Amino acid sequence: MRDDIFSKGNDLVNFTFDAKVADVFDDMVRRSVPGYQSMIEMIGLSVKTYGQDNTNYYDLGASTGATSTALSVNNTNSDNTIIAVDNSRDMVKKCQKNLSNQVGNFEIICTDIKDVLIDNASIVVLNLTLQFIEPEQRQRLINKVYNGLTPGGVLIVSEKIHFDDKQKQKEITNLHINFKRANGYSDLEIAAKRQSIENVLITDNKKTHFHRFKLAGFKNSVCHFQCLNFASFLAVK
Ligand SMILES: C[S@@+](CC[C@H](N)C(=O)[O-])C[C@H]1O[C@@H](n2cnc3c(N)ncnc32)[C@H](O)[C@@H]1O
(Lines give C-alpha, C1' and ligand atoms only; values in the text may rest on other atoms or scores of the structure.)
Protein backbone atom coordinates (compact mmCIF):
# COMPACT_ATOMS: atom_id res chain seq x y z
CA MET A 1 0.00 0.00 0.00
CA ARG A 2 1.35 3.46 -0.95
CA ASP A 3 2.46 5.77 1.88
CA ASP A 4 0.45 9.01 1.78
CA ILE A 5 0.25 9.53 5.56
CA PHE A 6 1.70 13.04 5.44
CA SER A 7 0.15 14.12 2.15
CA LYS A 8 -2.05 16.62 3.98
CA GLY A 9 0.71 17.75 6.37
CA ASN A 10 1.21 16.87 10.02
CA ASP A 11 -1.31 17.38 12.79
CA LEU A 12 1.60 17.86 15.22
CA VAL A 13 1.44 14.35 16.59
CA ASN A 14 4.68 12.50 17.28
CA PHE A 15 5.36 9.61 14.89
CA THR A 16 4.31 6.16 16.17
CA PHE A 17 4.31 2.71 14.62
CA ASP A 18 0.52 2.40 14.65
CA ALA A 19 -1.88 0.60 12.30
CA LYS A 20 -1.72 3.38 9.68
CA VAL A 21 2.08 3.20 9.56
CA ALA A 22 2.11 -0.63 9.65
CA ASP A 23 -0.15 -0.69 6.57
CA VAL A 24 2.24 1.40 4.46
CA PHE A 25 5.55 0.59 6.18
CA ASP A 26 7.10 -1.47 3.37
CA ASP A 27 6.50 1.33 0.86
CA MET A 28 7.56 4.03 3.34
CA VAL A 29 10.90 2.44 4.22
CA ARG A 30 11.87 1.77 0.61
CA ARG A 31 11.03 5.32 -0.49
CA SER A 32 12.61 6.99 2.57
CA VAL A 33 15.75 5.03 3.43
CA PRO A 34 18.44 5.18 0.75
CA GLY A 35 20.05 1.76 0.32
CA TYR A 36 17.39 -0.11 2.32
CA GLN A 37 17.38 -3.09 -0.03
CA SER A 38 21.19 -3.40 0.13
CA MET A 39 21.04 -3.09 3.92
CA ILE A 40 18.76 -6.13 3.99
CA GLU A 41 21.00 -8.00 1.51
CA MET A 42 23.99 -7.35 3.81
CA ILE A 43 22.05 -8.98 6.65
CA GLY A 44 21.61 -12.02 4.40
CA LEU A 45 25.36 -12.05 3.73
CA SER A 46 26.11 -11.76 7.45
CA VAL A 47 23.95 -14.72 8.40
CA LYS A 48 25.77 -16.83 5.79
CA THR A 49 29.10 -15.64 7.22
CA TYR A 50 28.50 -15.59 10.98
CA GLY A 51 25.49 -17.80 11.68
CA GLN A 52 26.19 -20.81 13.94
CA ASP A 53 24.35 -24.14 14.34
CA ASN A 54 22.03 -24.52 17.34
CA THR A 55 21.78 -20.79 18.06
CA ASN A 56 19.11 -18.09 17.98
CA TYR A 57 18.92 -15.21 15.50
CA TYR A 58 17.24 -12.08 16.93
CA ASP A 59 15.50 -9.39 14.89
CA LEU A 60 14.93 -6.51 17.35
CA GLY A 61 12.34 -4.03 16.07
CA ALA A 62 11.18 -6.46 13.41
CA SER A 63 8.34 -4.34 11.91
CA THR A 64 6.85 -6.31 9.02
CA GLY A 65 9.61 -8.93 9.06
CA ALA A 66 11.99 -8.06 6.19
CA THR A 67 15.07 -8.74 8.34
CA SER A 68 13.70 -12.00 9.76
CA THR A 69 12.90 -13.14 6.22
CA ALA A 70 16.46 -12.33 5.07
CA LEU A 71 17.84 -14.23 8.08
CA SER A 72 15.71 -17.23 7.17
CA VAL A 73 16.15 -17.43 3.40
CA ASN A 74 19.93 -16.97 3.60
CA ASN A 75 20.50 -19.30 6.53
CA THR A 76 22.89 -22.16 5.82
CA ASN A 77 23.09 -23.44 9.41
CA SER A 78 20.90 -25.93 11.23
CA ASP A 79 18.70 -25.84 14.30
CA ASN A 80 18.24 -22.07 14.41
CA THR A 81 15.27 -20.17 15.78
CA ILE A 82 14.50 -16.69 14.49
CA ILE A 83 13.14 -14.49 17.28
CA ALA A 84 11.41 -11.35 15.99
CA VAL A 85 10.59 -8.70 18.61
CA ASP A 86 8.51 -5.55 18.29
CA ASN A 87 6.41 -3.55 20.75
CA SER A 88 3.87 -2.41 18.14
CA ARG A 89 0.88 -4.77 18.05
CA ASP A 90 0.02 -3.61 14.54
CA MET A 91 3.54 -4.41 13.30
CA VAL A 92 3.52 -7.79 15.07
CA LYS A 93 0.27 -8.73 13.27
CA LYS A 94 1.83 -7.93 9.87
CA CYS A 95 5.06 -9.70 10.82
CA GLN A 96 3.17 -12.83 11.90
CA LYS A 97 1.38 -12.96 8.56
CA ASN A 98 4.53 -12.40 6.50
CA LEU A 99 6.73 -14.85 8.40
CA SER A 100 4.12 -17.60 8.41
CA ASN A 101 4.38 -17.70 4.63
CA GLN A 102 8.18 -17.63 4.32
CA VAL A 103 10.02 -18.51 7.52
CA GLY A 104 10.42 -21.94 9.13
CA ASN A 105 11.37 -21.87 12.77
CA PHE A 106 10.36 -18.55 14.28
CA GLU A 107 8.85 -16.87 17.34
CA ILE A 108 7.36 -13.40 17.46
CA ILE A 109 7.35 -11.56 20.75
CA CYS A 110 5.36 -8.38 21.27
CA THR A 111 7.37 -6.54 23.89
CA ASP A 112 9.90 -3.79 24.47
CA ILE A 113 13.32 -4.89 23.18
CA LYS A 114 14.81 -3.51 26.40
CA ASP A 115 12.95 -6.25 28.30
CA VAL A 116 13.60 -9.24 26.06
CA LEU A 117 16.07 -11.95 27.06
CA ILE A 118 18.92 -12.38 24.57
CA ASP A 119 20.28 -15.88 24.89
CA ASN A 120 22.51 -18.20 22.86
CA ALA A 121 22.50 -15.78 19.91
CA SER A 122 24.95 -15.91 17.02
CA ILE A 123 23.20 -13.05 15.18
CA VAL A 124 21.38 -10.05 16.64
CA VAL A 125 20.03 -7.37 14.30
CA LEU A 126 18.87 -3.87 15.20
CA ASN A 127 17.90 -2.66 11.74
CA LEU A 128 16.78 1.00 12.01
CA THR A 129 15.57 0.42 15.59
CA LEU A 130 18.25 1.64 18.04
CA GLN A 131 17.54 5.20 16.87
CA PHE A 132 14.08 4.94 18.48
CA ILE A 133 15.44 3.89 21.90
CA GLU A 134 15.99 6.64 24.48
CA PRO A 135 19.68 7.62 24.08
CA GLU A 136 20.44 7.00 27.77
CA GLN A 137 19.13 3.42 27.43
CA ARG A 138 21.18 2.49 24.38
CA GLN A 139 24.41 1.40 26.09
CA ARG A 140 22.52 -0.93 28.43
CA LEU A 141 20.76 -2.54 25.47
CA ILE A 142 24.01 -3.08 23.55
CA ASN A 143 25.64 -4.51 26.71
CA LYS A 144 22.74 -6.94 27.06
CA VAL A 145 23.11 -8.02 23.42
CA TYR A 146 26.85 -8.55 23.91
CA ASN A 147 26.21 -10.76 26.95
CA GLY A 148 23.66 -12.86 25.04
CA LEU A 149 25.94 -13.52 22.04
CA THR A 150 28.03 -16.65 21.62
CA PRO A 151 31.79 -16.20 21.01
CA GLY A 152 32.18 -15.16 17.35
CA GLY A 153 28.55 -14.02 17.25
CA VAL A 154 27.69 -10.66 15.69
CA LEU A 155 25.50 -7.63 16.25
CA ILE A 156 24.34 -5.77 13.14
CA VAL A 157 23.09 -2.23 13.66
CA SER A 158 21.71 -0.02 10.86
CA GLU A 159 20.87 3.58 11.65
CA LYS A 160 20.28 7.04 10.34
CA ILE A 161 23.43 8.91 11.40
CA HIS A 162 24.46 12.56 11.67
CA PHE A 163 27.77 14.26 10.93
CA ASP A 164 29.48 16.75 13.25
CA ASP A 165 30.83 18.69 10.29
CA LYS A 166 28.06 21.21 9.47
CA GLN A 167 28.82 21.37 5.75
CA LYS A 168 28.87 17.58 5.39
CA GLN A 169 25.57 17.37 7.31
CA LYS A 170 24.02 19.97 5.00
CA GLU A 171 25.15 18.27 1.77
CA ILE A 172 24.00 14.80 2.84
CA THR A 173 20.67 16.10 4.19
CA ASN A 174 20.07 17.82 0.89
CA LEU A 175 20.81 14.62 -1.02
CA HIS A 176 18.46 12.69 1.29
CA ILE A 177 15.65 15.19 0.67
CA ASN A 178 16.21 14.83 -3.06
CA PHE A 179 16.18 11.03 -2.70
CA LYS A 180 12.69 11.31 -1.17
CA ARG A 181 11.53 13.77 -3.84
CA ALA A 182 12.78 11.38 -6.52
CA ASN A 183 10.67 8.67 -4.88
CA GLY A 184 7.50 10.70 -5.19
CA TYR A 185 7.23 12.49 -1.83
CA SER A 186 6.13 16.14 -2.01
CA ASP A 187 7.94 18.90 -0.11
CA LEU A 188 4.89 19.11 2.20
CA GLU A 189 5.11 15.39 2.99
CA ILE A 190 8.88 15.58 3.60
CA ALA A 191 8.53 18.56 5.97
CA ALA A 192 5.55 17.08 7.82
CA LYS A 193 7.28 13.71 8.36
CA ARG A 194 10.41 15.47 9.62
CA GLN A 195 8.34 17.48 12.11
CA SER A 196 6.52 14.38 13.29
CA ILE A 197 9.64 12.21 13.73
CA GLU A 198 12.25 14.68 14.98
CA ASN A 199 11.55 14.10 18.70
CA VAL A 200 11.25 10.37 18.25
CA LEU A 201 14.17 9.37 16.02
CA ILE A 202 17.37 10.57 17.71
CA THR A 203 20.51 10.01 15.63
CA ASP A 204 24.08 9.34 16.79
CA ASN A 205 27.28 9.92 14.86
CA LYS A 206 29.56 7.05 13.83
CA LYS A 207 32.02 7.78 16.64
CA THR A 208 29.28 7.29 19.26
CA HIS A 209 28.29 3.93 17.74
CA PHE A 210 31.88 2.64 17.70
CA HIS A 211 32.47 3.86 21.26
CA ARG A 212 29.31 2.11 22.47
CA PHE A 213 30.35 -1.21 20.84
CA LYS A 214 33.79 -0.94 22.44
CA LEU A 215 32.37 -0.18 25.89
CA ALA A 216 30.10 -3.22 25.62
CA GLY A 217 33.18 -5.41 24.98
CA PHE A 218 33.02 -6.07 21.21
CA LYS A 219 36.54 -6.80 20.01
CA ASN A 220 35.93 -5.62 16.44
CA SER A 221 33.42 -3.30 14.83
CA VAL A 222 33.22 -1.92 11.33
CA CYS A 223 30.87 0.20 9.21
CA HIS A 224 30.24 -2.32 6.42
CA PHE A 225 27.63 -0.34 4.48
CA GLN A 226 26.64 3.29 4.04
CA CYS A 227 24.30 5.14 1.71
CA LEU A 228 24.08 8.90 2.39
CA ASN A 229 23.09 9.32 6.06
CA PHE A 230 22.24 5.66 6.68
CA ALA A 231 24.94 3.29 7.88
CA SER A 232 25.20 -0.36 8.93
CA PHE A 233 27.69 -1.56 11.50
CA LEU A 234 28.90 -5.06 12.25
CA ALA A 235 30.28 -5.76 15.73
CA VAL A 236 31.93 -9.14 16.42
CA LYS A 237 32.14 -10.71 19.88
C1 LIG B 1 12.12 1.51 11.39
S2 LIG B 1 11.32 0.19 12.07
C3 LIG B 1 12.46 -1.18 11.85
C4 LIG B 1 12.54 -1.75 10.48
C5 LIG B 1 12.83 -3.21 10.39
N6 LIG B 1 13.82 -3.64 11.35
C7 LIG B 1 13.26 -3.59 8.99
O8 LIG B 1 14.38 -4.11 8.82
O9 LIG B 1 12.48 -3.41 8.03
C10 LIG B 1 11.43 0.35 13.81
C11 LIG B 1 10.62 -0.71 14.55
O12 LIG B 1 11.07 -0.74 15.90
C13 LIG B 1 9.95 -0.90 16.74
N14 LIG B 1 10.34 -0.37 18.05
C15 LIG B 1 10.67 0.89 18.39
N16 LIG B 1 10.99 0.98 19.70
C17 LIG B 1 10.85 -0.29 20.19
C18 LIG B 1 11.03 -0.85 21.47
N19 LIG B 1 11.41 -0.12 22.52
N20 LIG B 1 10.78 -2.18 21.64
C21 LIG B 1 10.36 -2.94 20.60
N22 LIG B 1 10.20 -2.45 19.35
C23 LIG B 1 10.44 -1.14 19.15
C24 LIG B 1 8.83 -0.13 16.07
O25 LIG B 1 7.56 -0.57 16.48
C26 LIG B 1 9.13 -0.40 14.60
O27 LIG B 1 8.40 -1.50 14.11
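Reply: Helices (H or I, at least four residues) and strands (E, at least two) are DSSP runs, numbered from the N terminus. The model is a predicted one, in which local features need pLDDT of at least 70 and side-chain atom pairs count only at pLDDT 80 or more, while totals for chains, interfaces and linings use all residues. Residue numbers start from 1 along each chain, following its sequence as written.

Seven strands form an open sheet with mixed pairing, in the order 3-2-1-4-5-7-6; two strands pair if DSSP finds at least two bridges between them. The edges are strand 3 (106-110) and strand 6 (220-227); each has a single partner strand, so one side of each is left without a neighbour in the sheet. From one strand to the next, the twist averages 15 degrees; axes are lines fitted to C-alpha atoms, for helices over the stretch in contact, and angles run from 0 to 180 degrees between N-to-C directions.

Strand 4 covers residues 121-127 and runs parallel to strand 1 (residues 56-60), to which four bridges join it. Two of the pairs can be named: Tyr57 has Ile123 as its bridge partner in strand 4, and Tyr58 has Val124. Strand 4 also runs parallel to strand 5, with six bridges between them. In that pairing, the partner of Ala121 in strand 5 is Leu149.

How enclosed is strand 4? Seven of its seven residues are buried, so the rest of the structure largely encloses it; here buried means that 20 or more other C-beta atoms, placed from the backbone, lie within 10 Å of the residue's own, exposed means 12 or fewer, and partly exposed is in between. Strand 2 is likewise largely enclosed by the rest of the structure, since five of its six residues are buried.

With neighbours within four places in sequence left aside, the residues in contact with Ile123 include Ser46, Val47, Tyr50, Leu71 and Val154; contact requires the two C-beta atoms, placed from the backbone, to lie within 7 Å.

Helix 5 (residues 135-148) lies across strand 4 and strand 5 (149-160), at about 150 degrees to strand 5. Helix 4 (residues 89-102) lies across strand 2 (81-86) and strand 3, at about 170 degrees to strand 3.

The loops at the two ends of strand 4 remain to be described. The loop between strand 3 and strand 4 holds Leu117, which counts as exposed because it has 9 C-beta neighbours inside 10 Å. The C-alpha atom of Leu117 is separated by 7.9 Å from that of Gly148, although the two residues are 31 residues apart along the chain. The loop between strand 4 and helix 5 holds Leu128, which counts as buried because it has 21 C-beta neighbours inside 10 Å. Most residues other than glycine have a negative phi. Leu128, however, has a positive phi, near 65 degrees.

The ligand has 20 residues around it, among which Phe17, Gly61, Asn87, Ser88 and Asn127 come nearest; a residue counts as near if its C-beta atom, placed from the backbone, lies within 6 Å. Helix 3 (66-73) and strand 2 are the elements that give two or more residues to this shell. By class, the shell has 10 nonpolar, seven polar and three charged residues; Ala, Val, Leu, Ile, Met, Phe, Trp, Tyr, Cys and Pro count as nonpolar, Asp, Glu, Lys and Arg as charged, and the others, Gly among them, as polar.
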